[in-house]
Amino acid sequence: MQSTDESIFDRAGAWFLQSGIQQSNGGLARYYRSDLARYARVSTEITGYGVSTLLYLAQRSGDARYNDAAMRAAQFLTATAWKPEIAAFPFEYSDNCDQPEALTFFFDTGIIIRGLLAAWRSSNEQKFLDTAEVAGRAMITDFQRSS
């Protein structure tokens with residue numbers, strides 16, 4: 001018999017894998033608008049949370065699908081969302097011409113770094129660590145400027 005905790009984790013994991021919240025580019029949408037039947041823009045912060053959560057589910061269950069989804073999300077963060085010219089992740093990302101205002105947030109960057117470090121520990125993929133390090137150094141520089 002399955003425990004209540006296992007059932008909750010199974011349902012949460014199934015939602016992550018089947019809901020469509022993870023877009024084809026690997027990023028996770030901020031939310032789903034059921035009234036409009038469409039997803040909001042991809043959020044880099046939510047994608048960072050998603051990497052950590054999916055890796056936790058992979059570790060807990062042994063199901064490689066969670067690891068694969070986490071790696072797609074981490075790949076999105078490093079290859080698509082990351083803007084090396086400004087050493088920042090945009091608040092939101094859109095594949096179409098409807099680009100959001102170029103905002104970035106300190107807290108969100110910390111969440112993204114946390115997800116990338118989890119991806120690096122899981123995969124040993126150097127680009128995850130490298131991007132997390134550059135983003136962290138940029139946070140330090142920005143914090144020192146504002147002090």
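Tutor: What follows takes several labels in this predicted model and sets each value against its cut-off.

Student: How do you know that the length of helix α3 agrees with its number of residues?

Tutor: Helix α3 covers residues 64–81, which is 18 residues, and at 1.5 Å a residue these should span 26 Å.

Student: Why is α2 called roughly antiparallel to α3?

Tutor: The axes of α2, residues 44–61, and α3 come within 7 Å and cross at roughly 155°. Because angles over 145 degrees count as roughly antiparallel, α2 is given that label relative to α3. As for handedness, α2 passes α3 in a left-handed crossing.

Student: Which residues make the contact between α2 and α3, and what is its make-up in nonpolar, polar and charged residues?

Tutor: From α2 the contact includes Thr47, Gly48, Val51, Leu54, Leu55 and Ala58, and from α3 it includes Tyr66, Ala70, Met71, Ala74 and Leu77. The residues of this contact divide into 14 nonpolar, five polar and no charged. Among the residues of α3 that are buried are Tyr66, Ala70, Met71, Ala74 and Leu77.

Student: Is Ala119 buried or exposed, and how do you know?

Tutor: Ala119, which has its place in helix α4, has a relative accessible area of 0%. Since buried means under 20%, Ala119 is buried. Leaving aside neighbours within four places in sequence, Ala119 is in contact with Val51, Leu55, Met71, Ala74, Asn124 and Phe128. Ala119 and Leu54 are 65 residues apart in sequence, while their C-alpha atoms are 9.8 Å apart in space.

Student: What makes the phi of Asn124 worth a remark, and why does Asn124 count as exposed?

Tutor: Most residues other than glycine have a negative phi. Asn124, in the loop between α4 and α5, has a positive phi of about 65° although it is not a glycine. The relative accessibility of Asn124 is 61%, and because exposed means over 50%, Asn124 counts as exposed.

Student: Why is Ala87 called partly exposed?

Tutor: Ala87 lies in the loop between α3 and β4, and its relative accessibility is 22%. Buried means under 20% and exposed over 50%, with partly exposed in between, so Ala87 counts as partly exposed. Ala87 also has a positive phi, of about 50°, although it is not a glycine.

Notes:
Residues numbered from 1 in each chain as written. Predicted model: local features only at pLDDT ≥ 70, side-chain atom pairs only at ≥ 80, totals over all residues. Heavy atoms only, no water. Helix = DSSP H or I, 4+ residues; strand = E, 2+ residues; numbered from the N terminus. Expected span 1.5 Å × (residues − 1). Buried < 20%, exposed > 50% of the residue type's maximum accessible area, 1.4 Å probe, protein only. Axes fitted to C-alpha atoms, helices over the stretch in contact; angles between N-to-C directions. Parallel < 35°, antiparallel > 145°, perpendicular 65-115°, else oblique. Left-handed = near helix turned anticlockwise from the far one by under 90°. Contact = heavy atoms within 4.5 Å. Nonpolar A, V, L, I, M, F, W, Y, C, P; charged D, E, K, R; others polar.
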